[in-house]
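Please consult the sequence and the structure shown below alongside the text.

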Amino acid sequence: MKTLIVPVSGGKDSQVVLSLALKTGRPIVCVHQNTGYDHPDTYAQIEAMEKFYGVKVEHTVSEGMFTFLEKSGYFPNSAARGCTQRLKQLPFANWLKEKQFTHENAEIWFGMRSDESRDRASKYGGITDDDDFTLADVAVYYGQNKKMAQTIGRIPVKLPIVEWNTEQIFDYIAKEGAPINPLYERGHSRVGCYPCLLARKSEWQNAGKDPAGREHIEKMIALEDKWKAEGNHRKFIKVHRVWDVRDFLEGKDVRELANEECGY
Ligand code: SF4
């Protein structure tokens, strides 16, 4: 029987996928794609889920968001993203290889939903939980070279909640009596990288009011100051290439733009 791999973000969608996966009775392996840049409440939620569902969540190993930013010398944006590959996809690929998971012994269940956003609606609209994909179908990164396309890129993928709406997700978790990430109660619509560098304005504004979010934003400002001191006067720290991150620390009202999202 193939092992079911469930990537767990600490958010509500992958939590429901984990719960559904456990009901199959199949062997399950959970993994968190750890950027070192989640909110502390998200790490705590993953631990709470381990206790509630009786699972162990493994963590991929990445260089971490701030090392990535420092090394790459730019702030990811829609035209030059980079963070998804370096912090999520490459570490996940390494983890799959290390565990010797292949299309013959594993299947992956992801928590994408078509009603999550406009991007997801265009990517996953019309798809059902019966549809079969491969890892390379879901993310082109895994099919980018022949070796990867022939190995982990062939691992089968299912999207068991692709047709669920947000209300169904919250209802399911409430009925289970399971813990839920408290970031939702504090106005966040998504959890994970805190804040996602491509998140919409409201997510940045919420992060600017949160101690952990402020710490992350202050680290970005310190990095920009360092770059400037080194003689590079390009303005790096921009959200959507429009807003200065300082705006979010100061609570300024900045105009909303269409959100983009992690290219995973
Ligand atoms: S969630 Fe956002 S910040 Fe994190 S890897 Fe994806 S695009 Fe980058």
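## Packing of H1 and H8

Helices H1 and H8 are oblique to each other. This description follows from their packing angle of about 55 degrees, because angles under 35 degrees would count as roughly parallel and those from 65 to 115 degrees as roughly perpendicular. The model is a predicted one.

Two packed helices are described by the angle between their axes and the distance between the axes. For H1 and H8, the axes are 10 Å apart, and H1 passes H8 in a left-handed crossing. On the H1 side, the residues in contact are Lys12, Asp13, Gln15, Val16 and Ser19; in H8 they meet Ile169, Phe170, Tyr172, Ile173 and Glu176. An α-helix has 3.6 residues a turn, so residues three or four places apart point the same way.

## Strand E1 and its partners

Strand E1 spans residues 3-7, and four of these five residues are buried, so the strand is largely enclosed by the rest of the structure. E1 is paired with two strands described here. Three bridges link E1 to E4 (residues 106-109), and the two run parallel; within this pairing, Ile5 has Ile108 as its bridge partner. Four bridges link E1 to E2 (residues 28-32), again in parallel, and Pro7 is partnered by Val31 of E2.

H1 (residues 12-22) also belongs to this region: together with E1 and E2, H1 forms a right-handed β-α-β unit.

## The buried residues of H9

Helix H9 covers residues 201-208, and its buried residues are Glu203, Trp204, Gln205, Ala207 and Gly208. Among the elements that cover these buried residues are helix H10 (211-229), strand E7 (238-239) and helix H11 (246-249).

## Backbone features in two loops

The loop between H8 (166-176) and H9 contains Pro195. The peptide bond leading from Tyr194 to Pro195 is cis, with an omega near -10 degrees.

Although Gln100 is not a glycine, its phi is positive, at about 60 degrees. Is Gln100 buried or exposed? Gln100 counts as exposed because it has 8 C-beta neighbours inside 10 Å, and a residue with 12 or fewer falls in that class.

Definitions and conventions: Residues are numbered from 1 along each chain as its sequence is written. This is a predicted model: local features need pLDDT of at least 70, side-chain atom pairs count only at pLDDT 80 or more; totals for chains, interfaces and linings use all residues. A residue is buried if 20 or more other C-beta atoms lie within 10 Å of its own, exposed if 12 or fewer, and partly exposed in between; C-beta atoms are placed from the backbone. Two strands pair if DSSP finds at least two bridges between them. A crossover is right-handed if, with the strands pointing away from the viewer, the path from the first strand over the helix to the second runs clockwise. Two residues are in contact if their C-beta atoms, placed from the backbone, lie within 7 Å. Axes are lines fitted to C-alpha atoms, for helices over the stretch in contact, and angles run from 0 to 180 degrees between N-to-C directions. Angles under 35 degrees count as roughly parallel, over 145 as roughly antiparallel, 65 to 115 as roughly perpendicular and the rest as oblique. A crossing is left-handed if the near helix is turned anticlockwise from the far one by less than a right angle, and right-handed if clockwise.
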